[in-house]
Amino acid sequence: VQPNNYSTFYDDQRQNWSIMFESEKAAMDFSKQVCIAKCNSSPVLDSVLYQDLLLGEGQGVEGGDSLEIAYTGWLFQNNGLGQVFDSNINKDKLLRLKLGSGKVIKGWEEGMVGMKKGGRRYLIIPPAWAYGTQGVSGRVPPDSTLVFEVEVRRVKLVKEGSGSDGQSVSSRDSPVPSPVPNSDGFSAD
């Protein structure tokens with residue numbers, strides 16, 4: 001993913017290609033399909049697959065940084081997106097988390113490293129990196145592969161003084177910090 005609706009990639013002959021899309025949405029939709037194709041073509045999904053949809057700006061996040069996230073999660077079914085099992089897109093509260101604290105599934109901890117403020121990423125997470133053989137009662141069946149679209153709305157870096165501390169990215173953000181919602185299915189309990 002490149003700025004201004006461009007994507008670049010290498011083909012199997014190591015030739016470099018660039019594509020310009022007519023809209024940001026078209027570029028993101030293409031990137032999502034690339035990620036799903038990577039998943040469907042891998043013999044065994046044993047780690048988190050991710051694909052940037054929007055790069056964002058500033059410094060990439062790492063362990064210890066605090067983030068506020070907007071997300072939607074789907075079950076991966078029949079080689080594509082199944083039903084939505086969780087989302088905070090139409091809610092007032094963003095999910096607040098400290099990367100590396102172990103409060104969210106392992107697939108998020110791994111898949112979000114390097115994201116930037118305003119960035120969006122598509123994650124495909126195998127069961128071992130999600131809810132495993134237990135699942136989540138009534139929402140995520142056992143041994144489910146999950147798909148998430150995550151957007152980093154706010155960032156507070158561990159290394160202060162860099163100037164990019166938790167400023168609002170979107171007008172929908174509330175200036176008041178929101179508590180971590182307990183009913184989101186990602187809390188430690």
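Q: Buried means under 20% relative accessible area. On that cut-off, what share of the 189 residues counts as buried?
A: 41% of them. Keep in mind that this is a predicted model.

Q: What is the mean pLDDT of the chain?
A: The mean is 84. Residues at 70 or more make up 84% of the chain. Confidence is highest in β7, at a mean of 97, and lowest in β1, at 88.

Q: Where does pLDDT stay under 50?
A: Over residues 161-189. The model still has 52 contacts for that stretch beyond four places in sequence. Where pLDDT is low, predicted coordinates should not be read in detail.

Q: OK, the fold. How many helices and strands?
A: Two helices and eight strands. In sequence order the pattern is β-β-α-β-β-β-β-α-β-β.

Q: What part of the contacts with a separation of 6 or more comes from residues 24 or more positions apart?
A: 62% of them.

Q: Which residue in β2 is the bridge partner of T8?
A: S18.

Q: And the hairpin of β1 and β2: which residue takes a positive phi?
A: R14, with phi near 65°. Five residues sit between the two strands there.

Q: Now helix α1. What span should its 18 residues have, and how far apart are its end C-alpha atoms?
A: Helix α1 runs over residues 24-41. At 1.5 Å a residue it should span 26 Å, and its end C-alpha atoms are 26 Å apart, so the two agree.

Q: Which of its residues are buried in α1?
A: A27, M28, S31, K32, C35, I36 and C39. Residues three or four places apart in an α-helix point the same way, because there are 3.6 residues a turn.

Q: What do the buried residues of α1 pack against?
A: Five strands: β1, β3, β4 (66-77), β7 (120-125) and β8 (146-156).

Q: How many salt bridges in the whole structure?
A: Nine.

Q: Which residue does R139 meet in one?
A: D86, at 3.4 Å from N to O. R139 is in the loop between β7 and β8, and D86 is in strand β5 (residues 80-87), so the pair ties together parts 53 residues apart in sequence.

Q: How accessible is D86?
A: D86 is at 5% relative accessibility, so it counts as buried. R139 is at 30% and counts as partly exposed.

Q: What about E151? Which side chain does it meet?
A: R120, in a salt bridge of 3.9 Å, N to O. The two are 31 residues apart, with E151 in strand β8 and R120 in strand β7.

Q: Which residues join into one network through shared partners?
A: K32, R120, E149, E151 and R153. Within that group, E151 counts as buried at 14% relative accessibility. R120 counts as partly exposed at 24%.

Q: Switching to D52. Where is it?
A: In strand β3, residues 49-54. Its side chain makes a polar contact of 2.8 Å with that of R121.

Q: What else is D52 in contact with, neighbours within four places aside?
A: V1, S31 and R120, along with R121 again. S31 is among the buried residues of α1.

Q: Last one: where does A130 sit?
A: In the loop between β7 and β8. A130 has 16% relative accessibility, so it counts as buried.

Q: What touches A130, leaving aside neighbours within four places in sequence?
A: A130 is in contact with I105, I125, S144 and L146.

Technical notes. Residues numbered from 1 in each chain as written. Predicted model: local features only at pLDDT ≥ 70, side-chain atom pairs only at ≥ 80, totals over all residues. Heavy atoms only, no water. Pairing = 2+ DSSP bridges. Helix = DSSP H or I, 4+ residues; strand = E, 2+ residues; numbered from the N terminus. Polar contact = N/O pair within 3.5 Å; in protein donor to acceptor, adjacent residues only side chain to side chain. Contact = heavy atoms within 4.5 Å. Expected span 1.5 Å × (residues − 1). Buried < 20%, exposed > 50% of the residue type's maximum accessible area, 1.4 Å probe, protein only. Salt bridge = Lys/Arg side-chain N within 4 Å of Asp/Glu carboxyl O. pLDDT = per-residue confidence, 0-100.
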